[in-house]
Amino acid sequence: MKASASGCASGLANPLPWAKSLLDHAKRVVVLTGAGISTDSGIPDFRGPEGLWTRDPEAEKLSDICYYLGDPEIRKKAWRSRVESPAMGSHPNAGHHALVALEQRGVLHTLVTQNIDGLHQLAGNTTERVIEIHGTMRFVRCMSCIYRVPMEEVMERLNAGEADPDCPACGGILKSATISFGQNLVLEDLARAERAAQGCDLLLAVGSTLSVYPVAGLVPLAKHSGAKIVIVNGEPTAMDSLADVVLCGGIGELLPSLIA
Ligand code: NAD
């Protein structure tokens with residue numbers, strides 16, 4: 001039987017106790033997070049109702065490696081959006097802290113995040129347990145050589161007036177250490193995430209539309225390996241039909257209640 005809250009798929013009127021009971025019986029939990037867990041920290045998501053791409057479909061080009069490498073104007077826009085983004089100065093919220101509590105209970109095996117904001121580690125989740133499958137905005141790398149520095153160093157150059165800073169080592173194109181559309185994921189990270197999904201007894205997906213592959217594929221992988229699936233999101237996701245429980249609502253309230 002499947003449970004969900006109103007607003008998402010039909011089911012039990014109050015699925016929270018059911019989700020809590022699944023979590024209480026789980027010994028090896030994999031958590032998969034998306035942009036929705038960080039909106040309460042002031043970082044907008046992309047595809048949510050108020051998402052950056054929902055409001056401005058052109059903004060998607062900033063996350064496409066072909067446009068980024070081929071068009072200096074796109075790079076300038078991408079760097080401007082980094083400077084203006086609230087992400088660098090943001091702080092973890094109640095949802096991030098709830099996942100730290102889950103780790104402290106001793107059942108969190110791996111936290112796979114699609115987010116690039118570093119807030120899980122800032123909240124206190126162990127770095128080794130976190131897989132940043134789409135990279136991190138906390139570092140900048142050169143696309144031609146091994147140059148890699150903290151984002152703050154490039155921010156200083158941007159704030160000093162450079163619009164499209166180049167690599168001081170080789171003159172190459174600089175880019176945040178994120179993985180854009182058209183770039184390969186780090187195979188080792190993906191393999192680790194897949195092994196974790198195959199070996200868990202509960203997968204908790206939080207704040208993602210679950211529509212970006214191959215990460216979204218972790219949900220069916222876990223399901224077919226026998227894990228229970230719990231989804232927490234503010235609107236329906238592409239994987240709700242696979243879930244044992246769907247909790248539909250604000251992550252900042254639901255996640256602490258689920259994990260408390
Ligand atoms: P998405 O933008 O596709 O979807 C986010 C989902 O979370 C939506 O369904 C939205 O309705 C829901 N949501 C937003 N705030 C919520 C809240 N407070 N409570 C409940 N639900 C909420 O997210 P995605 O699929 O994770 O993102 C796609 C890509 O965008 C990711 O790969 C990621 O790299 C990137 N991204 C990262 C950040 C970040 O690091 N914080 C922010 C934006 C986008």
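Which residues does glutamine 183 touch, not counting residues up to four places away in sequence? Let's start there, and keep in mind that this is a predicted model.

So, glutamine 183 touches Ile65, Arg141, Met143, Lys175 and Thr178, with residues up to four places away in sequence not counted. You'll find glutamine 183 in the loop between E7 and helix H8, which covers 187-199. With lysine 175, there's a side chain to side chain polar contact of 3.3 Å. The glutamine 183 side chain also reaches the backbone nitrogen of serine 180, and that one is at 2.8 Å.

Okay, on to the ligand. There are 27 residues around the ligand, and the ones that come nearest are Ala35, Thr39, Gln114, Asp117 and His134. If you sort the shell by type, you get 7 nonpolar, 15 polar and 5 charged residues.

Now look at the ligand's oxygen atoms. Glutamine 114 has a backbone N or O atom 2.6 Å from an oxygen atom of the ligand. For phenylalanine 46, a backbone N or O atom lies 2.9 Å from a ligand oxygen. Threonine 209 uses its side chain: an N or O atom there is 3.1 Å from an oxygen atom of the ligand. And how much of the ligand does the protein cover? On its own the ligand has 860 Å² of accessible area, and the protein covers 91% of that.

Last stop, alanine 160. This residue sits in the loop between helix H7 (151-159) and strand E7 (174-178). Is alanine 160 buried or exposed? Its relative accessible area is 69%, so alanine 160 is exposed. From alanine 160 to tryptophan 53 is 107 residues in sequence, and 29 Å in space, C-alpha to C-alpha.

Key. Residues are numbered from 1 along each chain as its sequence is written. This is a predicted model: local features need pLDDT of at least 70, side-chain atom pairs count only at pLDDT 80 or more; totals for chains, interfaces and linings use all residues. Side-chain values use heavy atoms; hydrogens and water are left out. Helices (H or I, at least four residues) and strands (E, at least two) are DSSP runs, numbered from the N terminus. Buried means under 20% relative accessible area, exposed over 50%, partly exposed in between (1.4 Å probe, protein chains only). A polar contact is a pair of N or O atoms within 3.5 Å; within protein, one must be able to donate a hydrogen and the other to accept it, and residues adjacent in sequence count only if both atoms are side-chain atoms. Contact means heavy atoms within 4.5 Å. A residue is near a molecule or strand if one of its heavy atoms lies within 4 Å of it. Accessible areas come from the Shrake-Rupley method with a 1.4 Å probe; for residues, only the protein chains shown count as cover. Ala, Val, Leu, Ile, Met, Phe, Trp, Tyr, Cys and Pro count as nonpolar, Asp, Glu, Lys and Arg as charged, and the others, Gly among them, as polar.
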